Every structure is written in C-alpha cells, then in structure tokens.
Amino acid sequence: MEQGTFPPPPPPPSAFRHPWDNKSLGRTIESIDEEPGNPGGSGTGSRPRTRGFTTSSSGRHTTRWPFHSLNNSRSSLRYQPSLAHSRGGSFQHSRTDSLPRRAADSINRSVSSVLGSEIIPDYVVNFLRGETPESLARKRGMMLPDSPDTANFPHHYGNESPRPGSFRPGSRAGTPRAEMEKMLRDQGEPNTTKRLTSGWRGGVSLNILQAFLLFAVTIVCVGLAGAKGHISGGGSAILEDAQRKLQGANWGIHAIVNIFSIAIIAGTNYVFQVLSSPTRPEVDAAHDNLKWLDIGIPSLRNFGLISPARAGLSGILIGLAFVSQIIYNSLIFTTYSASVVNVALVSTSFVNSSSLSSSLDLNGMSRSDLLNLQSKAKAEDLVKLTVSECIATFDNSFQTIYDGVLLISKSGSDSLEIKTAEPGTLVSAFLKSIDESSDSVDYCLADPVTDMSSSLILSGPLLGLMVFLNLVFILALAIVLALAVTRHDFNPLVTLGDALSSFLEEPDPTTRNSCLMTKAEVKKGEWGQREAKFWTKQPCSWMYTPSIARWAAWFLTWMAPLGLAAAALAFSLKASPDGFSSFGEATLVSRLPDGPRIGLAIVVALPQILLGVLYFSTNALLSVFFLSHEMSMFMAPGRLLPLRVSSGRPIGAQTSTIHLTVPRVLSWVLFLLTAGMGFLLSQGVALVAVDRDDGTKMSGIGFSPIPLLLLVIVLVLLGLLILSLSLRSAYNRGAIDDGEPAGNPLALLGGTCSAVLSSRCHREPREDGVEALAVRWGVVREGVGMAPGHATFSARPVGDVTAGRSYA
C-alpha cells in the first residue's frame, strides 16, 4: 500500500512528530507543546519580523468537537495517506473511497449493532465518520459562527491603523471575518476628518477648538475694551460703582478666568501625555540599552528617551499654560477710592460741647470735619470700638471702612481736651507724637463710610499679551495635530491598550521568558536574564502602585499650597479684630513697593502656579492608579476584556477612546476642584489698591480669611480623595496559594514601566493576532518537571498563577 505523508512537510521544521502506531494502518499525529517564540513552530508567520522573533499561526482554525481540548494539550488523530492538502494551508479528507471514511463506517456499524446507536453521542459517531462541525453545517445549509482565529485579522505595527492591501489572504468566504476584511478594504484609508475626530487625535482637535474659543473670547474683549477707550498702559476702569455692588461682578469675572486658565492647564496636560508617550521604535531602542519608559501617564522622565522635538514642544506648551494662568488672574483687579482718615483725641465733654474755640490749632484737620464728627457723636451715629479694636483698625493704612475716629480720653468731663492729627496719620503714631499711650484712651468712636466707591480695573497690555499667548498656544497644538495627520509612522503608545497591542503583535525579545518580572528588577538592571521566577504573595493596595518618588513629589505639590494657605489664614485671623470678615474682604494687608500696578498684580497672582503644578502631579498620580487598575482587571475570571486603544482605528474586538487613562468623571472632578481652588485663591490673596482723595496711591497684597479657609478645606478634601483611592485594593484573585488569593501579577507595583508591560505580553505562537481579540491574562502552559510554566494574554482559557510554581 502506498504510504503518504500527513501533513506534507513544510520548508521550516514541523511542529508535529509522527510516531508509528502498530495497530493502525497509518500514523498518529501528536502535537508538541510550542514555546513562545520558538522558530520551530508550525506554520508560517503572518508577517515578517523586524526583531528576529518568529511566531506562527495556522492558516485555518476549525470548530472543535466537545471532547477536543481548547488548550495545547496532546491529542492524536488517526489518518490515512489519501488526504489532500488544501490551498489555504488547511487539510480536508478525500470524499471518494477514502480509507478513513470506510474505517469509520465499519466501526460505526459494529458499534451500533452491539450497543445501539442511541447510546453513542452523535458527535462521536460523526467524528468517527470523518465529519467536522463545518462539513455537517454545510450539509444542513447552516452557517456556524467563525471561531476566534486571529490569523486573518489585519496586522499593523504598534497601534497603527491597518492599511489597504495589508490583509492576510485565506479567510473563508461568507464568514464574519471575511465580511469584516471586505468592509475594511472598501473603507480604505481613513479620511482626514475621521482621523481628526477619533482617538487621541480627536482629543487634540477638541483642545484646539477649546483654545480657539478662548482666543475668540479674548479678541472680543479686546475689541470692546478698545471701543470704550479702556486700553491703556496703566489699566483703566471698566466698571465703577459702590464696593458691594461691584463684588458680584468681581467674583463672576474671576470665576470665569479661573475656568479658562484651568481649561488650558487640562488641555496642556492631555497633549503633554500624548507627546511624552514613546513610540514603539523608541521603546525598542531604550530596551536594547536596558532602559525603560513610562507608559500611559504624562511623564517628564521620558524626555530624554523620546524625540527632542516632541520634548521641546511639550516644554513650550507647559510654559504657555503656566504663564496663561498667571496672566488670566492678573487681568482684573479692584481699586478703592477713600478719603484720608481724621484722628482726634478728645475728652468726654467734647461730645456735649456746643462750640469750639476759633483759636484752636487743629494740626491740619479742617474745622468742618471735626464739627461733623462732633455732631455724629451727639446723634450716636458713630461706631463704638474698644481700644484694641481701634488701634488694630486704624493702624492699617489700607482700611477703607471708616473716614475718621474720635479717641475718648480718660481725663474726665471737667475740661475740654482736643488734640488732632494730620489727616492720614495712624493712631499709634499719633499717640506717640503727643506723648500719650493707649492706656490714656477709654474707648473710640469711629465714623463708618456710607457708600465707598470702587472700580474694576482692566489691564489692557496684559489682555493684549493674553491674545498673543492664546495664538501661540493654538499654533503649538496645530503643530501636534499636523504631526499626527501627516506622519503615519507617529503612533505613540498613549494608553495601556496601545502598549499591550504593540507588544502582543510583536513581542519584545529583551523581556522574553520573564513573564513575572517586576519594576524593582528592571531598575536594578536585572532583566534580559530569562530566568524562571516563583510567584510569592504581594500586596494589592493601590498605595503601593506609585513609586516613593512620585508619592513624595505629589505630597510636596499638595503641601505647598496647603501650608501657605493655612499660614495666611492664621495671620489674617490674628490681624482681624472681628475674626472672620465678609467674603473677599482683606483683614491683613502687606504693603508692596510703589510701582506699576500691572506688575504688582502679576506678583500677587504668582501663587496660582502652585495650583497648576498640583493639577499636573495629581493627574499623574491618578493615572498611575487607574493604569494599574486597568491592567489588573485582565486577570478577572469569567470574562475576556478588549484592549482600549487610542489610535482611532480599532481592529477586531478593540475599543477606541478619546480619554487617556483617568476616568472622565474623575477628570471632571479634578478640573472643577482645581478651578474652584483657583477662584478661592484669587479672592483670598488679592491685590489691594487704595486711592485716597489727597492723591495718595497705595498698593498691597491682602489676605481674606473666609476664602482662605475654604481653600484649605478643598485642599484637605483633595488629599482625602487621594488617600481613599490609595486604600483601595486591586483584584487579588489573579494568583492563588493553597486556594487562597495571593495577589495580582498584573498590579504595577512601583508605577508604570514599559519593560514590565512587555514582559507580560509574550503570547503563544499559535495566537498570532490575539491583540485583536478580547483577552485574559493567565497561565497558558504549566511547567513540567524542571521546565517552567508560562503566563501571558490569551483569548483561550487560561489558568491562575500558583504560588510556589515557577514561570518564565
């Protein structure tokens, strides 16, 4: 009898061995476990490898009978030489006079005659007859859903979109996969509009639109200010009214400008994360030198390992964001118009005296002002203050709530005593000049201001500078978008799904056989050794996810505004005689050197940078939290998860997203908290400008207790939010120890690391293209004897990592 070969030996070494079975007419095929990256794997690779890493996949994956294992367990199949090799690389039984069919029919008849055909399951009988589920479906006119064969998915480098003509031939006509490939071929290259509205490119486009709207609003403001003659070098009043009536306008304008400034900060953070994310070639170059990069978070650390142009552009955007934040908070400030304060030391009899001597020396105070104080004292229209309250109030040259004060001495009512000070003199200085002390004063009567006038001042030069900064910001974002549209090779690994998809499509040889490698080992340079590791139980709390350095950086950026706000609150309360004043009213004012008020407004707004830095550091910390959470969920049992990519062209089961790592809800919470803190800071620490009626102009930095207290509360709430998130635990059922949870090998302890991510992505060769499917991470091959097991992402059933066993 003529002997045949099944399957015909391909050019590369076969992944099957053919032991003789003396009881059969032919031979049995026993599958051999395939090692990841073994160039001796069966089949041919789906595409050329650029890094010397060979994989394989079957040309056709068939639906199995229920007794067939879904993993790589050994199985045997009796066959005969009269089998034809199909064109697509699959094998079909001969339909005419095949020996397997005759043998199967003979076996079926003998079994049916002895046991009865109803005892043997139909699928066993059909298997013995040489049938497959597909052949039965064709005979019955049915269509089976295609099995998760990844070989026919379009492949691409990193997270780059598939291109027309790059699809692998061999998909069966009529299957869902063939229909998908036809759809993608008909779709062709995405047009520019679609590329600009999907993935991270869509996020950059939204930020450009946002910046353009801010630019348009600023242009309108410049036009309106210019039309009304409010553009001047020293600033001009855009509103003039009583102080209390202008407070609402002042609060509203500062709330809007802080929303604008934090919107620029948030947009910059988004684009910064895109620009600082490495491409796959940059990751490969770093790994070849045993260096690693951050993935999925905005990172200053990556600057030295990515393109200098992108690093420089990121620095420009960050600088523009901080400068814009300061300028926005310097555009508007309030000036108060007040009269000089009249101070007089009088006896009790002065209040009841009917006339004053014409020869009385009033030391610069007008006679009418003194008589006005006397008449108000008789009518009890003056406010009675204690000596300490009087000195604290009238020793402040910036106080604008009283026009004058009478110091009532303890000399009694027998004699008329009148001593006046030059207008504008502080109470302590006046008492010292007349050789009196505060002990000689019984109480004070202060004349309150009935309707103090104030003005909202717009800085024209700063408004023009803001227009210029917005224009530069738009141009910088446009450069980023042009880079994304014109350079098809620019595909940064922005999200976790981008990195996993790239490493699964083309595994990284520098981390091969290191599926349990940790970041601590990477930082020590202990990688690339390809040594098996035993899993030991590890903590799963989120607090262990960020590195100590990142925790320290965030704590400093959080404590800086909190400490300064608390200190300013304490000093302002100490200086206030009544404790808390009204919202926005300064109780403590430190006088600034004389100079242009525009420049002083910029100096007062400098603390706003602390909130911008806090936004960046908090966003980075939250990104580390949720990146590790997203990674750890790939070990959740009972479900397969798709990869979330930012390319805008997902394939297979992949999902596309505009948001990067932090969930949208938490991003909005952080945005609103930071904008609210910016507003509170603008009211708690503000420029105080006072114009006296004698021509005196004074400027100082004022501290208001209520906004500062609210700012401290919001900062504490932010700290509690971070603390509560850090106390969460990652899914800890990823590994087991005697049936008990033993931690999660996918939790990114110490923070994100490109080398650790790549070490988890050495898929089985037969699952070429698995990045296009929903996957789960786990053990795909248990160790036998001295050989270690292997864990990776797979679309097939996987096992749990077991403590005490070795994996590589």
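This is a predicted model: local features need pLDDT of at least 70, side-chain atom pairs count only at pLDDT 80 or more; totals for chains, interfaces and linings use all residues.
In which sense, left-handed or right-handed, does H9 pass H14? The crossing is left-handed.

**The chain as a whole**

The protein chain has 808 residues, and 51% of them count as buried. If you take contacts between residues at least 6 apart in sequence, 78% of them join residues at least 24 apart.

**Two helix pairs**

Back to the opening pair. Helix H9 covers residues 308–328 and helix H14 covers residues 460–486; their axes come within 10 Å and cross at roughly 155°. An angle over 145 degrees counts as roughly antiparallel, so that is how H9 sits relative to H14. On the H9 side, the contact includes Arg310, Leu313, Leu317, Leu320 and Tyr328. H14 brings in, among others, Leu462, Met466, Asn470, Phe473, Val480 and Leu483. Sorted by class, the H9–H14 contact has 17 nonpolar, 2 polar and 1 charged residues.

Now for helix H20 (residues 664–684) and helix H21 (residues 705–726). Their axes are 8 Å apart and the packing angle is about 155°, so H20 and H21 are roughly antiparallel to each other. This crossing is left-handed too. H20 contributes Leu666, Leu670, Leu673 and Met677, among others, while H21 contributes residues including Pro707, Leu711, Val714, Leu718 and Leu725. Which classes make up this contact? There are 15 nonpolar and 2 polar residues, with no charged ones.

As background, an α-helix has 3.6 residues a turn, so residues three or four places apart point the same way.

**Helix H8 and its neighbours**

Helix H8 spans residues 280–288, and its buried residues are Arg280, Glu282, Val283, Asp284, Ala286 and His287. What do they pack against? Their partners are H9, helix H15 (496–505) and helix H22 (754–759). After H8 comes leucine 290, with a positive phi near 60°.

An open sheet is built from 5 strands in the order S8-S11-S9-S7-S10, with mixed pairing. Strand S8 (383–385) and strand S10 (418–420) are the edges, each pairing on one side only. From one strand to the next, the twist averages 25°.

Two helices lie across strands of this sheet. Helix H11 (residues 367–378) lies across strand S7 (342–346), S9, S10 and S11, and runs at about 100° to S11. Helix H12 (residues 387–394) lies across S8, S9 and S11, at about 145° to S9.

**Antiparallel strand pairs**

Strands of a sheet pair through backbone hydrogen bonds, either parallel or antiparallel. Here are two antiparallel cases:

| Strand | Partner | Bridges |
|---|---|---|
| S9 (residues 402–409) | S11 (residues 441–448) | 7 bridges |
| S21 (residues 776–781) | S22 (residues 790–794) | 5 bridges |

Which residue of S11 is the bridge partner of serine 409? That would be valine 441. For tryptophan 777, the bridge partner in S22 is phenylalanine 793.

Is strand S21 mostly covered or mostly open? Mostly covered: 6 of its 6 residues are buried.

Conventions:
Residues are numbered from 1 along each chain as its sequence is written. Side-chain values use heavy atoms; hydrogens and water are left out. Axes are lines fitted to C-alpha atoms, for helices over the stretch in contact, and angles run from 0 to 180 degrees between N-to-C directions. Helices (H or I, at least four residues) and strands (E, at least two) are DSSP runs, numbered from the N terminus. Angles under 35 degrees count as roughly parallel, over 145 as roughly antiparallel, 65 to 115 as roughly perpendicular and the rest as oblique. A crossing is left-handed if the near helix is turned anticlockwise from the far one by less than a right angle, and right-handed if clockwise. Contact means heavy atoms within 4.5 Å. Ala, Val, Leu, Ile, Met, Phe, Trp, Tyr, Cys and Pro count as nonpolar, Asp, Glu, Lys and Arg as charged, and the others, Gly among them, as polar. Buried means under 20% relative accessible area, exposed over 50%, partly exposed in between (1.4 Å probe, protein chains only). Two strands pair if DSSP finds at least two bridges between them.
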